[in-house]
Amino acid sequence: MEVGEGVTSVKPGDRVSGAPLVPCMKCDDCQNGNFSLCRHYSFIGSRQQGSNADYVVIPEQNAVVFDKSISYEQGAMFEPSTVALHGLFQNDYRGGEYTAVLGGGTIGMFTMQWAKIFGAKKVVVFDISEERLELAKRLGADEAINTTEEGFKEKAMALTEGKGFSYVFETAGQVPTMQMAFELAANKASVCFIGTPHVDLSFTSSMWENMNRKEFKLTGSWMSYSSPFPGKEWKLTAHYFATGQLKFDPGFVYKMPMSQAQEAFQLFKTPGLVKGKILLVNE
Ligand SMILES: [Zn+2]
């Protein structure tokens, strides 16, 4: 690693994770610290060349230094962790409450772990895959519920003394989980949609009416940045990975060598073939 002239916060030999967003820093949203909402941004890895290369140049402020005890594989997991944590902040998360995490993918696993770190009374993860549910339990979920099983909603409500969940995080972006969020929410709950939908969704009027009757608050979450840039999402990820309270599990990712990057991208063309992320590793 090399640093440019005038760079003071990182030095050669440091381990860093790269925050990919390059906001304009000038628009109203940026001035207000809402960098995720900037419309004049660049992005390392989409709008400009990314790190599927031997070397990548990133701005000093995008380099998040992490402790040597944290592996490079964990370093690659900073971004999903920060996306999860941003969702908790969007939802004004506080501990001591029943919390539902809908979807047991990488973002869901991190959302569950952050809820535990912040003192949830009970965190329940919902997914359709037994494998993901077992992983969730292994990483500290209090309960894991398979939504393909009959009566799962009753089972979930029973875990909350019949009251529902005060915090609901939708992390899958799927129609059934989005509908489920409305049904599992407690009165006065806070519901946050982190998952990005890719198909049109429809609600029955009675399903939608849950929001009226329960007076729950619904919010969205986008990316993972706050002020000072890149934000506490990134600083806290470095901190809790170092303490060991935030865990990375090899089950989060499917590993492939960098030389097979082309094949890795092809795999995503078959829906459902790869569940989660592919981590390209240097041989
Ligand atoms: Zn901006």
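Which element gives the largest share of the lining of the second largest pocket? Keep that in mind while you select; the model on screen is a predicted one.

**Stop 1: the pocket**

Start with E131, R132, G251, V253 and K275, the lining residues that lie nearest the centre of the second largest pocket. The pocket has a volume of about 230 Å³, and its lining counts 14 residues.

The opening question is settled here: α5 gives the largest share, with five residues.

Next, colour domain 2 (92–220) and domain 3 (251–283) separately. Why does the pocket lie between these two domains? Both of them give residues to the lining, so the pocket lies between them.

**Stop 2: a pair of helices**

Two packed helices are described by the angle between their axes and the distance between the axes. The crossing of α4 past α5 is right-handed.

**Stop 3: a loop with cis bonds**

Move to the loop between β10 (217–220) and α9 (232–243), where P228 is found. Select S227 together with P228: the peptide bond from S227 to P228 is cis, and its omega is near -5°.

Stay in the loop between β10 and α9, which also holds P230. Select F229 and P230, which are joined by a cis peptide bond with omega of about 0°. As background for this stop and the next one, most peptide bonds are trans, and most residues other than glycine have a negative phi.

**Stop 4: a positive phi**

Finish in the loop between α6 (152–158) and β8 (165–170), and select E161 there. What is the phi of E161? Phi is near 60° in E161, a positive value in a residue other than glycine.

Notes: Residues numbered from 1 in each chain as written. Predicted model: local features only at pLDDT ≥ 70, side-chain atom pairs only at ≥ 80, totals over all residues. Heavy atoms only, no water. 1 Å grid on protein atoms, 1.4 Å probe; cavity = no way out; pocket = protein on both sides within 12 Å on 5 of 7 lines; lining within 4 Å. Points joined across faces, edges and corners; volume = space filled by probe spheres on them. Helix = DSSP H or I, 4+ residues; strand = E, 2+ residues; numbered from the N terminus. Domains from an automatic or database assignment. Left-handed = near helix turned anticlockwise from the far one by under 90°.
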